[in-house]
Amino acid sequence: MMKAKIAIVGATGAVGEELLNVLDELDFPVESILPLASAKSAGSEVEFQGKSYKVLELNEKVFEQNPVDIAFFSAGGSVSEKYANFAVKAGAVVIDNTSHFRMNEDVPLVVPEVNPEDIKLYKKTGIIANPNCSTIQMMHVLKPLDEAFDLQRVDVATYQAASGAGKEGMEELVRGMQSFFEFKLDEFKAETFPYTLALNLIPQIDVFNEENSYTKEELKMINESQKILHKKFELSATCVRVPVLRSHSEALTLHFKKAVDVKKAIKILEKAPSIKLIDDIKKKKYPMPLFTSDTNETYVGRIRKDLSRENVLHLWCVADQIRVGAATNAVRIALKWLELHNKS
């Protein structure tokens, strides 16, 4: 496999830093690293495999002056909107971690374990979109079960960690907890979140759609899931921010056309890629954020059939948002793209 020249836009952010870690862990064939960030972070350094790389300022000429094969974008939708096409014009394939290109019909939206065949569609625009964090881990679960039982509807409640709002979100949660232990929580002013997250739950992630009262985060899950699975099915989501540093959790209720065999469902999930089963109620073993952070898999447990309907399955899944929901999925897309590139 060819070695690739890699650019990371947003290299000093939470996802950018994790991309470097995952590239190393997954033995990605890297020839060189080009870390890019805003003028504020330019001049700082990042490390990869024991070597330091100076962060350059992102601008319209940087890809032309420093050609790369793959450009990971993890610096916000407005940044991707402005600069992604400059990377494409300079010869790179862009793997975008923001929401900007996801629903563009000419841009493939990819979870490699689910729809790797869509990667080849990148040639239309030179861009591959990384799905929303909460969508990715759900796709790991839905795809194999859909193939077995024919998925008809999903009801999901997410419990999303502060990491979903990046470094700022995690730092604000820590400051809030510090204020609590100093007996000053009533004086704490939230900036990243609409309310204080410490010792609290916030049933809002992103802005509300006034027409239907769903949030933008909830609508992402609905729209992206259908695009990835290439299937129209009913889906409703309630997304909640919780006082956890890393790893998103989801409670899933899945309605199928066929009656569900729980033992068969468990065997399917045991064999499914990027899934780890933790489901032993006798020993009180099930996935939890604290023990799944900093890993590259989606953990599944609490699998059970509905008490009233033969075709309904309930389960619980947890995954590290920064990795599974962003960096790891992006790197796995890049690995699949390299496979295609080597064959062509």
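**Entry 1: α4 against α7**

I started with helix α4 (residues 133-149) and helix α7 (residues 262-271) in this predicted model. Their axes come within 10 Å and cross at roughly 135 degrees. Angles over 145 degrees would count as roughly antiparallel, and 65 to 115 as roughly perpendicular. I therefore noted α4 as oblique to α7. The crossing is right-handed.

Next I listed the residues that touch. α4 brings Val141, Pro144, Leu145, Ala148 and Phe149. α7 brings Lys264, Ala265, Ile268 and Leu269. By class I found eight nonpolar residues, no polar ones and one charged.

**Entry 2: α4 against α6**

I then turned to helix α6 (residues 216-229). Its axis lies 9 Å from that of α4, at an angle of about 40 degrees. That angle makes α4 oblique to α6. This crossing is right-handed.

From α4 I noted Cys133, Ser134, Thr135, Met138, Met139, Leu142 and Lys143. From α6 I noted Glu217, Lys220, Met221, Glu224, Ser225, Ile228 and Leu229. The contact divides into seven nonpolar, three polar and four charged residues.

**Entry 3: the cores**

Which residues have the most contacts inside the largest nonpolar core? I found Phe63, Leu145, Val154 and Leu315, in a core of 60 residues. Helix α4 gives the most to this core, with eight residues. Leu145 also sits in the contact of α4 with α7.

I looked up Phe63 in detail. Leaving out residues up to four places away in sequence, Phe63 touches Ala7, Val9, Leu36, Leu58, Val68, Ala71, Phe73, Tyr83, Phe86, Ala87 and Ala90.

A second, separate core has 42 residues, among them Ile8, Ile70, Ile95 and Trp337.

Methods
Residues are numbered from 1 along each chain as its sequence is written. This is a predicted model: local features need pLDDT of at least 70, side-chain atom pairs count only at pLDDT 80 or more; totals for chains, interfaces and linings use all residues. Side-chain values use heavy atoms; hydrogens and water are left out. A nonpolar core is a set of buried Ala, Val, Leu, Ile, Met, Phe, Trp, Tyr and Cys residues joined through side-chain atoms within 4.5 Å. Buried means under 20% relative accessible area, exposed over 50%, partly exposed in between (1.4 Å probe, protein chains only). Helices (H or I, at least four residues) and strands (E, at least two) are DSSP runs, numbered from the N terminus. Contact means heavy atoms within 4.5 Å. Axes are lines fitted to C-alpha atoms, for helices over the stretch in contact, and angles run from 0 to 180 degrees between N-to-C directions. Angles under 35 degrees count as roughly parallel, over 145 as roughly antiparallel, 65 to 115 as roughly perpendicular and the rest as oblique. A crossing is left-handed if the near helix is turned anticlockwise from the far one by less than a right angle, and right-handed if clockwise. Ala, Val, Leu, Ile, Met, Phe, Trp, Tyr, Cys and Pro count as nonpolar, Asp, Glu, Lys and Arg as charged, and the others, Gly among them, as polar.
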